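Here is a protein chain to look at. Please read the questions and answers with the structure in view.

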Amino acid sequence: MLVGAQHDLTIRINGEEYDRIAYGRQQGFGEGWSIPCHDCAALEDQLHVPGCDMEQCPRCGQQLISCPCSIEVEPEEEPEAAS
Ligand SMILES: [Zn+2]
Ligand SMILES: [Zn+2]
């Protein structure tokens, strides 16, 4: 869900919060931002869908899905169970 991905503007890595890097803002890999992201179809300046292999880690600059940083995934908010 590309729309939903736009809400998570930051990511927690090793206990610190970093701004996520939008498509076309990463440096060092990838090129050709005139076409949508090949993996998640994000457009330039849109955030990638979580898990997209084109998202760059804001901490180390590698691919977010394969870099050595420990990404802290915030648990989804569970709706209160009806009592
Ligand atoms: Zn993407
Ligand atoms: Zn990293």
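The questions below concern a predicted model, taken part by part.

User: Where in the protein chain is confidence lowest, and where is it highest?
Analyst: The model is predicted, and the protein chain averages a pLDDT of 84. A score of at least 70 is reached by 82% of the residues. The mean is 53 in helix H1 (residues 2-5), where confidence is lowest, and confidence is highest, at 95, in E2.

User: What is the order of the three strands in the open sheet?
Analyst: Strand E2 (16-19) and strand E3 (71-72) are the edge strands, each pairing on one side only. Strand E1 (residues 10-13) pairs with E3 in the antiparallel sense over two bridges, and E1 pairs with E2 in the antiparallel sense over four bridges. The order is therefore E2-E1-E3.

User: Which residue of E3 stands opposite arginine 12?
Analyst: E1 and E3 pair in the antiparallel sense. On the E2 side, threonine 10 stands opposite aspartate 19. On the E3 side, the residue opposite arginine 12 is glutamate 72.

User: Which residue in the turn of the hairpin has a positive phi?
Analyst: The hairpin is formed by E1 and E2, with two residues between them. The phi in question is about 50°, and the residue is asparagine 14.

User: Is valine 73 buried or exposed?
Analyst: Valine 73 lies in the segment after E3. Its C-alpha atom is separated by 8.9 Å from that of isoleucine 13, 60 residues apart along the chain. Valine 73 has 8, so it is exposed.

Definitions and conventions: Residues numbered from 1 in each chain as written. Chains lettered and ligands numbered in written order. Predicted model: local features only at pLDDT ≥ 70, side-chain atom pairs only at ≥ 80, totals over all residues. pLDDT = per-residue confidence, 0-100. Buried ≥ 20, exposed ≤ 12 C-beta atoms within 10 Å, placed from the backbone.
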